Amino acid sequence: MLTLPSYIFNFPGGIVCNEAAPSRRRRLQDALQLCIPKHILNDEECFRITEFDGTEWGNMEPDTYDKILVDVPCTTDRIVATENDNNIFHPKRFKERNQLPLLQTELLSSALKSVKVGGTVVYSTCTMSSEQNENVVQRAVYECLQNDSIQVLEIDLSPLTRICNNMFNFHDKLKLGQIVVPSLSANFGPMYFCALKRLN
């Protein structure tokens, strides 16, 4: 069995976690402290937590990483359905909400430039919105091809969904990626994810 600490040590370059937003960065740090031993978190050769603008990462460190998870800000459907505090659907946050797909596209495009040829980028959200899910993936792939001649291939995730089909409900008619549909029995979701392999 491969534990998370041993998994980290299998990557000579270690793991970099980047989050520009202070509130999201605090949640990230709390999650890491729950899952990873302190001596590993404090070892800069294993772990780096940074606060750069993710949309610029592809220009800062192009062709650098083997694997990238792009967990983007989104409308967080599960939270907004149950909480009123700072709700993204509040009229005062209308502009911010409307700009989310653009930000998400820029973050994914940046990751596709930052991953090595042959490397994998996983894009994820916690929304059911196709505008923030498949449409973002399509736009980012198109922009990378047009602007940087970067070609990518969607990775088939059906083996994963078959294994997890007893635990989660998957939507079966998506153009790109997979989505876990919320259900009371699983007490989980929504979660969208799409894996892309950079070809050149």
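Visitor: In which loop does S149 lie?

Guide: Helices (H or I, at least four residues) and strands (E, at least two) are DSSP runs numbered from the N terminus, and S149 lies in the loop between α8 (134-148) and β5 (152-154). This is a predicted model, in which local features need pLDDT of at least 70, side-chain atom pairs count only at pLDDT 80 or more, and totals for chains, interfaces and linings use all residues. Residues are numbered from 1 along each chain as its sequence is written, and side-chain values use heavy atoms, with hydrogens and water left out.

Visitor: Is R198 buried or exposed?

Guide: Buried means under 20% relative accessible area, exposed over 50%, and partly exposed in between, with a 1.4 Å probe and protein chains only. R198, in strand β8 (residues 191-198), is buried because its relative accessible area is 8%, whereas D63 is partly exposed, at 44%.

Visitor: With which side chain does the side chain of R198 make a polar contact?

Guide: A polar contact is a pair of N or O atoms within 3.5 Å; within protein, one must be able to donate a hydrogen and the other to accept it, and residues adjacent in sequence count only if both atoms are side-chain atoms. The side chain of R198 makes such a contact with the side chain of D63 at 2.8 Å, and the R198 side chain also reaches the backbone oxygen of L112 at 3.2 Å.
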